[in-house]
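Work through the exercises below with the structure open. Each task is followed by a solution in steps.

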There are 2 protein chains.
Amino acid sequence: MPDTARISRIRSGRRTDIRQQNERLILEAAERVFAEAGFGGATMQLIADMAGLPKANLHYYFPTKEALYRRVVQNIFEIWLDAASSFDGAAGPVEGIGAYVRAKMDISRRHPHGSKVWAAEVMHGAPVIQDYLETTLRAWTEGRMAVIQRWIDEGKMAPIDPRHLLYMLWATTQHYADFGHQIETLNAGEALSDRQWREATESVTQIILRGIGAI
Amino acid sequence: MPDTARISRIRSGRRTDIRQQNERLILEAAERVFAEAGFGGATMQLIADMAGLPKANLHYYFPTKEALYRRVVQNIFEIWLDAASSFDGAAGPVEGIGAYVRAKMDISRRHPHGSKVWAAEVMHGAPVIQDYLETTLRAWTEGRMAVIQRWIDEGKMAPIDPRHLLYMLWATTQHYADFGHQIETLNAGEALSDRQWREATESVTQIILRGIGAI
DNA sequence: GTCTATATTCGGATAGAC
DNA sequence: GTCTATCCGAATATAGAC
């Protein structure tokens, strides 16, 4: 029955397309609402309205509010892990840390909502992603600490505690996303321009690279 | 009627004592619950249980959940404003910024809940304290930027953008409170010891003071 | 000033028609 | 796969006895 098979494939294909598109719509809306209202303050109704779908559809694609939230948090974590590659294969701290700061500042600009959701999740004791902290993040951190320690041993930077350097990199770059509203208020109520983002990235990079004696 | 007057004074005095003590109990519990669950996730019942009072008493002292939250946020803001004095009257960046970092790291350690509540409030667009950002915080920021600029003009530090230096100071110090759970997880699940707090403060201070060319 | 009982609203989740 | 109508639990807030 080639005919019905073809129709079935097409139908199935369309269904998959609709599913993927709707899931994306829902996840984008959810990221924004969770960031702006917190998990407890977010409502499925608000997310549905922002996604342009009836509330019941959300429960069709994501069984519970928590399942939807979990996916949002996972998405952000993966984006940050990708940025980790900037760190690897660098000859020294100037290239490695410079690239990492640029990558993370770029993420802060393009995914401010995701960064805020992550921050809130950690502030609340990481009820949903504690396992990621203990496995993936811990391994990642120890790997980069080893790289930094090697740079220190090779005389490419001052003997800074690698752990606190990493915390400083996370804190300074994510601050531009998480506290973006405060920064905007102190910028006469205006969002940072392209030029201001470049200046911010440059300032952060310069202070840190000088601070660790790499330049 | 000296007798009744005395009794009345005593009664009134006791009432005031009870009021102050209960308000303090409620505010401490509220700070913790708001920090760990967010405004939307916090419940008056949970705060009441943690304060050891019946729920209705909370509504006697604070008319609404939002009024209670507002007081918590204001408390934190005042604590940070006090720390601002570390900045003033310093001969140069080594003393001024050094003292400010120490003061803010100390607050991150002693008031982690308050710091988290503030962070969440800002992340949500500062619905409650937007006026503080536009008045008090803006004035404070401009004042310190002028001080930093003077240090630059006097050749006491490199020509860093004062604004981004301030953001870095806020980001790095508050990170130890707001992301304390992540830091603890990466510290084998242990809270930082006295010694580790000193090392963290020292690392932050050293990197920043070197980074701005002050040492 | 304290506390029990309750009114009322709101939001997550689902049933069931289409 | 979509969506309306609805259930039900939970949480804020208050009434009113003590």
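**Exercise 1. A residue and its surroundings**

In which helix of chain B does B:Gln174 lie? Then decide whether B:Gln174 is buried or exposed, and list what B:Gln174 touches.

Solution. The model is a predicted one.

Step 1. B:Gln174 belongs to helix H8 of chain B, which covers residues 162–178.

Step 2. Its relative accessibility is 6%. Buried means under 20%, so B:Gln174 counts as buried.

Step 3. Leaving out residues up to four places away in sequence, B:Gln174 touches B:Trp80, B:Lys104, B:Ser108, B:Ser115 and B:Trp118, along with A:Phe179.

**Exercise 2. Two helices of chain B**

Describe how helix H4 and helix H5 of chain B are placed against each other, and name the residues that meet.

Solution. 

Step 1. Helix H4 of chain B spans residues 65–83 and helix H5 of chain B spans residues 93–110. Their axes come within 9 Å and cross at roughly 155°.

Step 2. Angles over 145 degrees count as roughly antiparallel, so H4(B) is roughly antiparallel to H5(B).

Step 3. The crossing of H4(B) with H5(B) is right-handed.

Step 4. From H4(B) come B:Ile79, B:Trp80 and B:Ala83; they meet B:Tyr100, B:Ala103, B:Lys104 and B:Ile107 of H5(B). Sorted by class, this contact has six nonpolar residues, one charged residue and no polar ones.

Step 5. Two of these names return from Exercise 1: B:Trp80 and B:Lys104 are among the residues that B:Gln174 touches.

**Exercise 3. Salt bridges**

How many salt bridges are there over all chains? For the pairs A:Arg32 with A:Glu36, B:Glu23 with B:Arg19 and A:Asp194 with A:Arg109, place each partner and give its accessibility.

Solution. 

Step 1. Side chains of opposite charge can pair when their charged atoms come close. The count over all chains is 18 salt bridges.

Step 2. In the pair A:Arg32 and A:Glu36, the closest N and O atoms are 3.6 Å apart. The two residues are four apart in helix H1 of chain A (residues 2–41), so about one helical turn separates A:Arg32 from A:Glu36. A:Arg32 is partly exposed at 37% relative accessibility, and A:Glu36 is partly exposed with a relative accessible area of 37%.

Step 3. For B:Glu23 and B:Arg19, the closest N and O atoms are 3.2 Å apart. These residues are four apart in helix H1 of chain B (residues 2–41), again about one helical turn. B:Glu23 counts as buried at 18%, whereas B:Arg19 is partly exposed at 33%.

Step 4. A:Asp194 and A:Arg109 meet at 2.7 Å, N to O. A:Asp194 lies in helix H10 of chain A and A:Arg109 in helix H5 of chain A, so this pair ties together parts 85 residues apart in sequence. A:Asp194 is partly exposed at 47%, and A:Arg109 is partly exposed at 36%.

Step 5. A network of salt bridges links A:Arg150, A:Glu154 and A:Lys156.

**Exercise 4. Positive phi**

Where are A:Ala188 and B:Ala126 found, and is each one buried or exposed?

Solution. 

Step 1. Most residues other than glycine have a negative phi. A:Ala188 is not a glycine, yet its phi is positive, about 65°. B:Ala126 is not a glycine either, and its phi is positive at about 55°.

Step 2. A:Ala188 sits in the loop between helix H9 (180–185) and H10 of chain A. B:Ala126 sits in the loop between helix H6 (112–123) and helix H7 (130–153) of chain B.

Step 3. A:Ala188 is exposed, with a relative accessible area of 63%, whereas B:Ala126 is buried, with 1%.

Terms used
Residues are numbered from 1 along each chain as its sequence is written. Chains are lettered from A and ligands numbered from 1 in the order in which they are written. This is a predicted model: local features need pLDDT of at least 70, side-chain atom pairs count only at pLDDT 80 or more; totals for chains, interfaces and linings use all residues. Side-chain values use heavy atoms; hydrogens and water are left out. Axes are lines fitted to C-alpha atoms, for helices over the stretch in contact, and angles run from 0 to 180 degrees between N-to-C directions. Angles under 35 degrees count as roughly parallel, over 145 as roughly antiparallel, 65 to 115 as roughly perpendicular and the rest as oblique. A crossing is left-handed if the near helix is turned anticlockwise from the far one by less than a right angle, and right-handed if clockwise. Contact means heavy atoms within 4.5 Å. Ala, Val, Leu, Ile, Met, Phe, Trp, Tyr, Cys and Pro count as nonpolar, Asp, Glu, Lys and Arg as charged, and the others, Gly among them, as polar. A salt bridge is a side-chain nitrogen of Lys or Arg within 4 Å of a carboxyl oxygen of Asp or Glu. Buried means under 20% relative accessible area, exposed over 50%, partly exposed in between (1.4 Å probe, protein chains only).
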